[in-house]
Amino acid sequence: AGTADRDAIGQIISYMGDLQTDDSAKVRGIVVAGDFSPRAISAARAANISLRKYIFNFSFEQVSK
């Protein structure tokens, strides 16, 4: 939740390493957050990790007066 920093990228790289074996298909990482620090963006680019930003849209409907 919130802004992901380079620590989040380090964490996903660690998880990817745990899953990767010599005979398995290539593991890819995706980090989802509300925003990303510039360092997280740079680290993800170097590690070939996808970053996805979530956005919420709220609407209100009147139920009673």
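**Exercise 1. In which strand is phenylalanine 36 found? Determine also whether phenylalanine 36 is buried or exposed.**

*Solution.* The model under study is a predicted one.

Step 1. Phenylalanine 36 belongs to strand β3, which covers residues 35–36.

Step 2. The relative accessibility of phenylalanine 36 is 11%. A residue counts as buried when this value is under 20%, and phenylalanine 36 is therefore buried.

Step 3. With neighbours within four places in sequence left aside, the contacts of phenylalanine 36 are Thr3, Ala4, Val31, Ile41, Leu51, Arg52 and Lys53.

Step 4. Serine 14 is 22 residues from phenylalanine 36 in sequence, and their C-alpha atoms are 19 Å apart in space.

**Exercise 2. Locate serine 37 and state whether serine 37 is buried or exposed.**

*Solution.* 

Step 1. Serine 37 is placed in the loop between β3 and α2.

Step 2. Its relative accessible area is 17%, so serine 37 is buried.

Step 3. Beyond the neighbours within four places in sequence, serine 37 is in contact with Thr3, Ala4, Asp5 and Arg6.

**Exercise 3. Describe how helix α1 and helix α2 are arranged relative to each other.**

*Solution.* 

Step 1. Helix α1 spans residues 6–19 and helix α2 spans residues 38–47. Their axes come within 7 Å and cross at roughly 25 degrees.

Step 2. Angles under 35 degrees count as roughly parallel. The two helices, α1 and α2, are therefore roughly parallel to each other.

Step 3. On the side of α1, the contact is made by Arg6, Ile9 and Ile13; on the side of α2, by Arg39, Ala40, Ala43, Ala44 and Ala47.

**Exercise 4. How many salt bridges does the structure hold? Identify the residues involved and their exposure.**

*Solution.* 

Step 1. The structure holds 1 salt bridge.

Step 2. The salt bridge joins lysine 53 and aspartate 35, with the closest N and O atoms 3.7 Å apart. The cut-off for such a pair is 4 Å.

Step 3. Lysine 53 is in strand β4 (residues 50–53) and aspartate 35 is in strand β3. The two residues are 18 residues apart, and the pair links distant parts of the chain.

Step 4. Lysine 53 has a relative accessibility of 51% and so counts as exposed. Aspartate 35, with a relative accessible area of 35%, is partly exposed.

**Exercise 5. Which residues form a nonpolar patch on the surface? Examine two of them, valine 32 and phenylalanine 60, in detail.**

*Solution.* 

Step 1. The nonpolar patch is formed by Ile30, Val32, Tyr54, Phe56, Phe58 and Phe60. Together these residues have about 770 Å² of accessible area.

Step 2. Valine 32 is part of strand β2, residues 30–33. Because its relative accessibility is 52%, valine 32 counts as exposed.

Step 3. Phenylalanine 60 lies in the segment after β4. With a relative accessible area of 81%, phenylalanine 60 is exposed.

Step 4. Phenylalanine 60 and isoleucine 41 are 19 residues apart in sequence, and 34 Å separates their C-alpha atoms in space.

Note on methods
Residues numbered from 1 in each chain as written. Predicted model: local features only at pLDDT ≥ 70, side-chain atom pairs only at ≥ 80, totals over all residues. Heavy atoms only, no water. Patch = residues over 30% accessible without salt bridge, like charges linked within 9 Å, V, L, I, M, F, W, Y side chains within 5 Å. Areas by Shrake-Rupley, 256 points an atom, 1.4 Å probe, with all protein chains shown as cover. Salt bridge = Lys/Arg side-chain N within 4 Å of Asp/Glu carboxyl O. Helix = DSSP H or I, 4+ residues; strand = E, 2+ residues; numbered from the N terminus. Buried < 20%, exposed > 50% of the residue type's maximum accessible area, 1.4 Å probe, protein only. Contact = heavy atoms within 4.5 Å. Axes fitted to C-alpha atoms, helices over the stretch in contact; angles between N-to-C directions. Parallel < 35°, antiparallel > 145°, perpendicular 65-115°, else oblique.
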